[in-house]
Amino acid sequence: MTKILVTGANSFVGSNFRRFSLFEDIEEISLYENKPEDIDFSNYDVILHLAAIVHQSKKISEKKYFAINRDLCLQVAEYSKKAGVKQFVFLSTLKVYGGFVPDFKMRNEDSTCFPDDPYGKSKLEAEVGLRKLEEPDFIVSVIRTPLVYGEGVKANMISFIRLIETIPVLPLKNVSNKRNFTYTENLVGFIDQIILKKASGIFIAMDNNAISTTELVNFI
């Protein structure tokens, strides 16, 4: 039976992974309360690394983004590799590609990355560092996602939902911008397949169709 350790206790994605994953032997651990060097990774086959600073804020220093999103991630990977973990799954972000793309051009796994904020830059550098650690007996799987939504969602999406609930009329009738999203259960199913297939490489996990702000408001 595959044993999975999720780093980042009580996270939105982690909670949904434990709820919907086809794998049953899943544990979570907080990296706020536990240092990587003190964790016994030898009990696990797969690490699903979710611990990160994901809420972009000017109050968070660039140094902290890199300390958590890059340095801590690589420490966990190094210790888990030494302990004999077979696969390291890293949840990254479409922010590694940079900001707005005119006329909505779909990005893919081979698109060039030009991150333009500390969040995207720190995630990309973590990806690069992880790929350097990869060996035949230590598979690295990088999953890039746009905004993930679903039960228990927080941050910008929940603020947007509350705004719609509070204000019945918004000036968003003909906003034609397009944006990708990922439904949490779709993401969990994708992660399951990455683990089952022991898939190495970079992958994008997102819903089939991008939608505009107007469409999103109508759906909500």
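**Aromatic contacts and loop residues**

Tyr149, Phe181 and Tyr183 make up one aromatic cluster. The model is a predicted one. In total, the count of aromatic pairs comes to four.

Take the pair of Tyr149 and Phe181: the ring centres are 6.3 Å apart and the planes stand at 85°, so this pair is edge-to-face. The angle decides the class, because planes over 60 degrees apart count as edge-to-face. Tyr149 belongs to strand 6 (residues 147–149) and Phe181 to strand 7 (residues 181–183), so the contact ties together parts 32 residues apart in sequence. As for accessibility, Phe181 is buried, with a relative accessible area of 7%. Tyr149 is partly exposed, at 28%.

Tyr149 also pairs with Tyr183. Here the ring centres lie 5.3 Å apart and the planes meet at 35°, so the pair is tilted. An angle under 30 degrees would be needed for a pair to count as stacked, and one over 60 for edge-to-face. Again strand 6 supplies Tyr149 and strand 7 supplies Tyr183, so this pair ties together parts that are 34 residues apart in sequence. Tyr183 is partly exposed, its relative accessible area being 27%. The cut-off for buried is under 20%, so Phe181 at 7% falls on the buried side, while Tyr183 at 27% counts as partly exposed.

Charges over rings come next. Lys3 lies over the face of Tyr44, 5.7 Å from the ring centre. Lys82 is placed over the face of Tyr79, also with a distance of 5.7 Å from the ring centre.

Which value does phi of Asn10 take? It is near 65°, a positive value in a residue other than glycine. Asn10 is found in the loop that runs between strand 1 (4–7) and helix 1 (12–20). With a relative accessibility of 62%, Asn10 counts as exposed.

Lys198 likewise has a positive phi without being glycine, with a value near 50°. Where does Lys198 lie? Its place is the loop between helix 5 (184–196) and strand 8 (201–204). At 55% relative accessibility, Lys198 counts as exposed, because the cut-off for that class is over 50%.

Conventions: Residues are numbered from 1 along each chain as its sequence is written. This is a predicted model: local features need pLDDT of at least 70, side-chain atom pairs count only at pLDDT 80 or more; totals for chains, interfaces and linings use all residues. Side-chain values use heavy atoms; hydrogens and water are left out. Rings of Phe, Tyr and Trp (its six-membered ring) pair if their centres lie within 6.5 Å; planes under 30 degrees apart count as stacked, over 60 as edge-to-face and the rest as tilted. Helices (H or I, at least four residues) and strands (E, at least two) are DSSP runs, numbered from the N terminus. Buried means under 20% relative accessible area, exposed over 50%, partly exposed in between (1.4 Å probe, protein chains only). A charge sits over a ring if NZ of Lys or CZ of Arg is within 6 Å of the ring centre and within 35 degrees of the ring normal.
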